[in-house]
Amino acid sequence: MKRNGIFFWIGATLFLAAALLMTQVIGNQYPFFACYVILQFIVLAVAWSILGGYAGYVNFGTSAFFGMGVYTAVFLLKAFDAPLAAQIAAAAAVGALMGFALGLLTLRMQGIFFSIATIAATIVIETSITNWRYVGGSAGIQLQRPMVTEPFNNYVQMLFFIQALLVVLAVAISRYIQNSWIGRGLQAIKDDELAAECTGVPTLRLKLLACVISGALMCAAGAPAAMYLQYADPSSAFNLNYSVSVLAMSLIGGTAHWAGPVVGAILLGATQQLLTVTISSEVNVLVLGVMLVLFVVAAPEGIIGLIRRVLRNRSEGKE
Amino acid sequence: MKRRTLFGGVIAVAMVGLTSGVVAQQPPIKIGMSMPQTGGLAGGGKASLLGIEIWRDDVNAKGGLLGRKVELVVYDDKSSASETPAIYSKLLDVDKVDLLFAPYATVPTAPLMPMVKQRGLLLMGNFSFQVNSKVQHDMWFNNAPWGPPDSWPDSFLDIAQKAGAKSVAFLSADQEFAQNLVVIAREVAKKRNMPIVFDQAYPPNTVEFSSIVRALKAAKPDVVYVSSYPPDSAGILRAVNEVGIGDNVKVFGGGMVGLQFGAVMENMGSLLNGVVNYNSWLPEPKMYYEGTKEFFDKYTKRAVEAKVDPLGYYLAPFGYASGQLVEAAVKAVGSLDQKAMAKYLHEHEMQTIVGPMTFGPDGERKENAVLQAQFRGITDKNIEQFRSSGKQVILFPEKLKSGDLVTPFEAARN
């Protein structure tokens, strides 16, 4: 277990070092634009999986959290000219609050009813932002990027590295939860909430914690998107695509292990980026759906589940 | 058998050598863009792209630009703002395109403006609205006929005021384009001393409008300015047909998106009669310039294959015109120097198939060329009727006028 931890942190450090090196070596902008989107989806998928995977509460409101992250950043930028770090921190705080509210919802709602409530929350929040003229309202708002800080020589490269930091943070948190009493408690809730409650698992407290962490990470992932696009409008920020893609990524990757959403997000995110610049038509929308159906039918536990099964079969074969 | 294979191989190699010898003299000029081909803006995006493709084929048939073939590099942006930055980065940094066209509409274009400004690039705009007002990029040229922002609602309210209208009602979709319009329209109404007796924004997904139209009718306005999107435009007209709008209303319409698209027009049929609405191009006699007729002959044929709007009046000729602007600028400058091209476009009146264009310092058209036209004598389920003149009578601008307003609205409906 401990050796695992060391390997994980070595891997994370190597990943960050590689990301930093990329920003210093590669002059071409496109890889940063494309990878930024993939990294953003990793954070979202990992965050979604904390509630949706471990606890089994399927949240369709990813776009609500993401959009709130975007608009928290927009508001802070417009009102106080706040720096990027403050935008992300504030977005995380807003996301935590939103997550807390969402957690309270789970008191009364489970399963499909919870999912529907999260969609409703998305619509309510989007409508409110649409009618708030200060942050651009329905017409959207254009933003000016400040000067880039050293050692980066380009803003998108900096955003790429910041998103890489968020990935490490999200994965570390998700991994910690999975391996700790929190994860075991959430697992118990997923299997049978009533039984868990009866055996002394503090279900409400755990659900609230999962919602708060998940919400904070999703909002934090959304905050840099305002500067990435230099534009924000409600229909793009609260696009239901985020909810659907993130759900698909987590399910395709597998929700039982922290690595599942990471693998799913890399696979689907990269495929989407690739399709956008190759086939580039209705087909790329279809691919997501087809992949989801295929995985649900052929590998209901995702890629991670598939790998586990293969490993198990192999070890059984040896014996 | 072996000898034959060898012989075939030799011929094949020779052929490749010959053809590549001709083509490889000059690499093509690459024009890059994203275009909404899926999502809400796809209908317009595809028609617009077909217009640009027809221009590409025309210019290549004439020998290309600077002796080089023109090639389009197009990606789908899914009608979303979040896709375009990565796509344009790919176009510039990987595909190394020579020139950029903007995608159709405001939302996908907005994130590009700071990018092209930072890199000092020419961007040919495609029907976005006031997207350059904050960024102030001096190498941006919008092909849309909008002109100065207030001129559009102004022409509509002018027509209404001349018909004796005093009070005004606003009905608008709570969405980007519609809200931009109505905000300006309110100011114009204030300037013209027209009291606003009704002002309501409805959520974008509204389908049932009869209660809203009833409330509007009760306010007894003289003119109703509607800024709506395709599905709601249809819903509003259906509700007006059911509930009626009252005898006070002299002019109805203004900024209804959707009533320019063949499929919607065919669907609405006689419900369109009497509506005065904005448009960009219409088959009225004064609208034909050099090449306009030839363009629509080609478009009509290719639209069937491409499965896009069979009429294609609203966007397609303007896509072609964007190409013409670039073509003229490249020829005049004699190179692909984008600064020089921008300077040329700023300083000269450009001739296109949708008429002459001049650009203000902000890259928008100097003069408002948005048509206001009234639907007349439309019958149900017949798309071909819209190809003939007289079905949409142009009331504004004065020099293109093809008839007079029929008022009040209830009388014009029959």
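**Note on the predicted two-chain model**

1. Both faces of strand S8 of chain B are covered, with B:Val223, B:Tyr225 and B:Ser227 buried on one side and B:Val224, B:Val226 and B:Ser228 buried on the other. A residue is called buried if 20 or more other C-beta atoms lie within 10 Å of its own, exposed if 12 or fewer, and partly exposed in between, the C-beta atoms being placed from the backbone. Strands (E, at least two residues) and helices (H or I, at least four) are DSSP runs numbered from the N terminus. In a regular strand the side chains alternate between the two faces of the sheet. Six of the six residues of S8(B), which spans 223-228, are buried, so the strand is largely enclosed by the rest of the structure.

2. This is a predicted model, in which local features need pLDDT of at least 70 and side-chain atom pairs count only at pLDDT 80 or more, while totals for chains, interfaces and linings use all residues. Residues are numbered from 1 along each chain as its sequence is written, and chains are lettered from A and ligands numbered from 1 in the order in which they are written.

3. S8(B) runs parallel to strand S6 (residues 168-173) of chain B, to which five bridges join it, and B:Ala169 has B:Val224 as its bridge partner in S8(B). S8(B) is also joined by six bridges to strand S9 (residues 251-256) of chain B, again in parallel, and here B:Val223 stands opposite B:Val251. Two strands are taken to pair if DSSP finds at least two bridges between them.

4. Chain B also has an open, parallel sheet of five strands in the order S2-S1-S3-S4-S5. Its edges are S2 (70-76) and S5 (140-142), each with a single partner strand, so one side of each is left without a neighbour in the sheet. From one strand to the next the twist averages 20°, where axes are lines fitted to C-alpha atoms, for helices over the stretch in contact, and angles run from 0 to 180 degrees between N-to-C directions.

5. Helix H2 (residues 42-61) of chain B packs on this sheet, touching S1, S2, S3 and S4 (123-126), and its direction makes about 165° with that of S2(B). Helix H3 (residues 84-94) of chain B packs on the sheet as well, touching S1, S2 and S3, with its direction at about 170° to that of S1(B).

6. Between the chains, 29 residues of chain A are in contact with 28 residues of chain B, contact meaning that the C-beta atoms of two residues, placed from the backbone, lie within 7 Å. On the chain A side, helices H2 (30-54), H5 (111-130) and H9 (203-229) each supply at least two residues, and H2(A) gives the most, with four.

7. Chain A comes to 14 helices and two strands. Its radius of gyration, taken over C-alpha atoms, is 20 Å, close to the 20 Å that the globule rule (2.2 Å times the number of residues to the power 0.38) gives for 319 residues, so chain A is as compact as a globular protein of that length. Buried residues make up 51% of the 319 residues in chain A.

8. Leaving aside neighbours within four places in sequence, A:Leu44 is in contact with A:Thr62, A:Phe66, A:Met218, A:Ala221, A:Tyr242 and A:Val246.
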